[in-house]
Number of protein chains: 4
Amino acid sequence: MGNTFGKAFSITTWGESHGPAIGVVIDGCPPGLELTEADIQLELDRRRPGQSEIATPRQEEDRVEILSGVFGGKTTGTPIAMQVRNKDVDSSKYDIIRNMPRPGHADYTYQMKYGIRDHRGGGRSSARETIGRVAAGAVAKKILARHGIEILAHVVELGGIKASPMQVTDIKANDIKANVESNPVRCADPEAAKAMLERVKQAREDKDSIGGIVEILALGVPPGLGEPVFDKLDGALAGALMGIGAVKGVEIGSGFKAAAMTGSQMNDPFEMQNGKVVCSTNNAGGILGGISNGETIVCRIAVKPTPSIARSQRTVDMSDMSETNITIEGRHDPTIPPRIVPVAEAMTALVLADHLIRSQLYTRSYSK
Amino acid sequence: MGNTFGKAFSITTWGESHGPAIGVVIDGCPPGLELTEADIQLELDRRRPGQSEIATPRQEEDRVEILSGVFGGKTTGTPIAMQVRNKDVDSSKYDIIRNMPRPGHADYTYQMKYGIRDHRGGGRSSARETIGRVAAGAVAKKILARHGIEILAHVVELGGIKASPMQVTDIKANDIKANVESNPVRCADPEAAKAMLERVKQAREDKDSIGGIVEILALGVPPGLGEPVFDKLDGALAGALMGIGAVKGVEIGSGFKAAAMTGSQMNDPFEMQNGKVVCSTNNAGGILGGISNGETIVCRIAVKPTPSIARSQRTVDMSDMSETNITIEGRHDPTIPPRIVPVAEAMTALVLADHLIRSQLYTRSYSK
Amino acid sequence: MGNTFGKAFSITTWGESHGPAIGVVIDGCPPGLELTEADIQLELDRRRPGQSEIATPRQEEDRVEILSGVFGGKTTGTPIAMQVRNKDVDSSKYDIIRNMPRPGHADYTYQMKYGIRDHRGGGRSSARETIGRVAAGAVAKKILARHGIEILAHVVELGGIKASPMQVTDIKANDIKANVESNPVRCADPEAAKAMLERVKQAREDKDSIGGIVEILALGVPPGLGEPVFDKLDGALAGALMGIGAVKGVEIGSGFKAAAMTGSQMNDPFEMQNGKVVCSTNNAGGILGGISNGETIVCRIAVKPTPSIARSQRTVDMSDMSETNITIEGRHDPTIPPRIVPVAEAMTALVLADHLIRSQLYTRSYSK
Amino acid sequence: MGNTFGKAFSITTWGESHGPAIGVVIDGCPPGLELTEADIQLELDRRRPGQSEIATPRQEEDRVEILSGVFGGKTTGTPIAMQVRNKDVDSSKYDIIRNMPRPGHADYTYQMKYGIRDHRGGGRSSARETIGRVAAGAVAKKILARHGIEILAHVVELGGIKASPMQVTDIKANDIKANVESNPVRCADPEAAKAMLERVKQAREDKDSIGGIVEILALGVPPGLGEPVFDKLDGALAGALMGIGAVKGVEIGSGFKAAAMTGSQMNDPFEMQNGKVVCSTNNAGGILGGISNGETIVCRIAVKPTPSIARSQRTVDMSDMSETNITIEGRHDPTIPPRIVPVAEAMTALVLADHLIRSQLYTRSYSK
């Protein structure tokens, strides 16, 4: 279980890294939305491997096929099934991990949970699973765009190098977006991006890997999204983002800094602007009591360094329960945050689309 | 919606701060578990206000009543309904917030979402809502205890003062537990506890409030809990903990520190101990690929300072959409982390009990 | 598990026949709906025992208390908790069934499922459990009424005596309603009602019981309710109605008669009336492809005779696994259909309210 | 929404009649189950069109492809995605129904619900959608078989012709099974089968269609399956079976006959057999209080006549809201019950597999 996400806009993903295909089924997409394979492909291309000097060279075309739910270029309200065939698959180099779990990977826990696993390329726990999330996220983004909501993620720290803080409200989202896509580390600060890129290259030379922090922004979210008590918007975002592989921390607004602030510093005063209630500051990160307050939603996630490194590591051989060493062959991404950007955007879009649809019911007082 | 939590061990909470009562219904509790009101009261007394010099003096007995699901001292497998009557209720001092949302509170967002709200004492968004969570958490803890799992939380930072780091594996859980309950700030480091207590008093004198960090440990968790891909154990914990009021960040294991580590530092090597596979270190915080690996589960949450402070704050009067100031009367907790300890334990217990029951099905290979 | 019903308008019931109380929590009620305890009491009084010469004389006031979710006489969008205290409880006469399952009752199956049960008065499997359903159904009816939808049930067959068939479209719903409540068997045909009443009395004299058929109508349902493929409106109604104790069959529209019809007889032609598409006949019972078509929804349920009869019956003593006889003491309803009327209405209202709210999202083409 | 079924063994179907493909994703299949495409194909071949003289001649190979969740011939606990490509598709003859809803079909209600639909071949409401159900049902059957549970359906009435009643307990299930598959009407009574076949042919000559009744048996079900109050086994079966297209009635055990029985006739006495508690009769149809009692589960469904008939029928043209006539071209099944047999088996298997897995948790008293 656990392969379905969302209550009103719901997705179910399936597929293993070296199986025949990877895919997703969306249930609950409103009818009448214009949707083509090109819309999906755009986002899949952003997460696709083999695109830059710092990403894994696995060559996958990752062509998406829409198999249902769209008629005459528009969604019909029935399930949208999408899939991508796996192609560049050499499973032989994974024979070594059949019995030897890689440190930092899910090999050991899947084996303990299920007693059986498709070890090839990490099987279901592979990052290729995120293809389904990103494809569905592309649909969620289109729904959100209709309501003026935009999702945008960027790398704010990599290997200890921090981007200079920026005021989201001072820069147009499109500028950030352009900056982010202009460099392989997906950092909106061009100077920091250069240093980050050097840090990545050095990590690869060291046969090591580095982690980082990704910030996700949701702009244009109206007040009223989120269902207290257990489906709060911040709870949903935290669950969705922590559920991305390699993420070890999530914070909203001032996040961990809030722990050292006082109430008079932290509380965002309300004021009037153009006839609307707004907050003078945004320490809350756009969410109060689990419900959006109309300000930009700001999340940050801590991403651990890639667990696959070219150095020898200690592990056990579960065939005879002996201690041993493992050296993982092949070339891997020396850092994950740049490639996690489209995935984090997708998960945020999925949370917001789900809550947008759910909130349409309950935000309005009962007029009819 | 959103008032139900859990899929196999499921709870539904209800009630407002100044309504007649607060309660919870548990569905999915296994039959045959010994359960009395005293078991629940024990945990409710830990969260009850008016217990120490630094907590709100609202006097509530908070006597729990079990209304169903228990027969002859044992659970029957049918829903367990529990409730607490509200008693010490003076709603008049809340008249001011009917139209003036308090900064940092959910007044504004509830109003925007529902168009109507019970403003008295914060209504549904009051911390009194956690009574239902803590009562259900007490049942979850009993289930976990049968499987040798213990949940334990403590304050590790308050108002910027940090407790000295401790190795959980080096100290017996019972010792920590005893230390935690020996001081009003619920810090396991007695020296730090003293400084924290002074810091709290100073904040109150300043008519201000402070935040902090709480660490939650789950000891004795077997490998195999957690349902990939969207119901991962770390995702579920992050969602549950971020959903507690005032929490702005959640991290697992090395958490945000992992962002600045290298793979060779972060990866926990596997080794053999007493015939079992264990990890030499625990940077993962007990979870790999969303599934427990048998190590202690370690979470930390960032808690913002209490939003209710005695200073004048800027807000708006929504009756005429004018800017104004608000001063919140009454005495409030100057800091939340000590009182969040039992709530964070409860949510962690609820997540683990739910996943324990779910995992009983799927962990075992299909033998019959 | 299994004590929660509905996805958008969701209820959770709890309580045992001889426990302290019985109740329900509603999640998902839209805010701003006027609601008082009197609204609920009206429906509870219809299902209450001890009202007529043919119903069990158990004297229960069944006073409902609303504990949350209503403020200033209106719903707030937060959970509505309601409960009724159990009063007229003499458990001693149930000692005999602790080990001897009553034929036709759930004693045996609960014992086998849970290994423990509250045997007093049938515990959780008692018809008193329907108090929660009827209370929640009263709220659902109010929501439906705002949209011009009315639910109405009546006994159409009892102990083999059939009411004369009526054309719902020819009689005003209010007339049927008045007729139904004018006699203790709740039959809209006064002549048949008299014969049915005699049949009931005879059954009681025979120390036996009789079954019957109840018809449920939903008037004013707009086209578009129901979610294909697995949450079809007819599937949801069938599941909800079959889930009422003692129901052994459910049919929609022509029901089992359709099995012997030809397509040219069964198909309802479409025609225009006052600018609207309508069906010339209603063999479909208001539902096509699982979605409402705008015609009156017509369901019928087969209700078995009351399993509690005053005759000696064969059973086993599970304490020593010997065969034995059991004679059930006390006086019981000699027939269930009249008392099932408000319960069947409640379940139908709950299904429709849930689907009404869900359909508000997806019926409209995507305009914004 | 509504395309997912089951809580512990959960399936999501997708696909339209004339879209590129039809498929299903299973979540919650236990790991370690041997599974091949041949297992699935066996059941798909039973529902495939073009097999007999009385079924639609649409030629579809309906070759299933397993895309995930199986490794080395065994399930891994991850989602099992299966799909079938649509091939024999001539959409042109469906142009006429784009604006003219066919009586008895879902054309009108889908249009009203979604404002858009894939009209070709009925789109999502086509019986081809059941491919996903039957494929998933084949997996459910394999799980049930491991626990000694067998599902078996047969036609007991067709066009008014009734098969002679049989005692399931007196005949071996395999004999029925063999009889059922030996004739195109899938009736276990060979004499009745001949008359039914003649009746079908006559209906086709009349340019008409006929309905019938299918009985579904579940043999070997242990006591304890079913979750009261809202997920009762009979409620779940009724919901699942009524949700199959063309089904207008569902009954369990004595069903509608129970309405005319007395309690002393209806109640099944308990007795001892080989040290086990059994029922002397089976009027309950294997379910008491929503929980299986160990007897054979017996359901019957009323199937309406095929709505597609070759006669001219009255309908409306929704492009200009005028009344008109429609004659549906092409050849269609003149009767549905024989082809519904594998679908009804699949839905029953899905319900039981779901409840079997769920019941594994809660049936056992809490021993550890």
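Residues are numbered from 1 along each chain as its sequence is written, and chains are lettered from A, with ligands numbered from 1, in the order in which they are written. Because the model is predicted, local features need pLDDT of at least 70 and side-chain atom pairs count only at pLDDT 80 or more, while totals for chains, interfaces and linings use all residues.

Chain A holds 8 helices and 18 strands, where helices (H or I, at least four residues) and strands (E, at least two) are DSSP runs numbered from the N terminus. Its C-alpha trace spans about 70 × 50 × 35 Å along the principal axes. The radius of gyration of chain A is 21 Å, which agrees with the value near 21 Å for a compact globule of 368 residues; this radius is taken over C-alpha atoms, and the globule rule is 2.2 Å times the number of residues to the power 0.38.

Of the 368 residues of chain A, 65% count as buried. A residue is buried if 20 or more other C-beta atoms, placed from the backbone, lie within 10 Å of its own, exposed if 12 or fewer do, and partly exposed in between. In soluble globular proteins, nonpolar side chains tend to be buried together. Leaving aside neighbours within four places in sequence, the contacts of Leu241(C) include Val247(C), Ile301(C) and Met347(C), a contact being a pair whose C-beta atoms, placed from the backbone, lie within 7 Å.

In chain D, 5 strands form an open antiparallel sheet in the order β1-β2-β3-β7-β4, and two strands pair if DSSP finds at least two bridges between them. The edge strands, each pairing on one side only, are β1 (4–5) and β4 (64–66). β4(D) pairs with β7(D) (residues 80–85) over 3 bridges, and Ile66(D) stands opposite Met82(D). Helix α1 (residues 37–47) of chain D packs on this sheet, touching β4 and β7, and its direction makes about 150° with that of β4(D); axes are lines fitted to C-alpha atoms, for helices over the stretch in contact, and angles run from 0 to 180 degrees between N-to-C directions.

Elsewhere in chain D, Asn325(D) lies in strand β18 (residues 322–327). Asn325(D) counts as exposed because it has 12 C-beta neighbours inside 10 Å.

How values were computed:
Contact = placed C-beta atoms within 7 Å.
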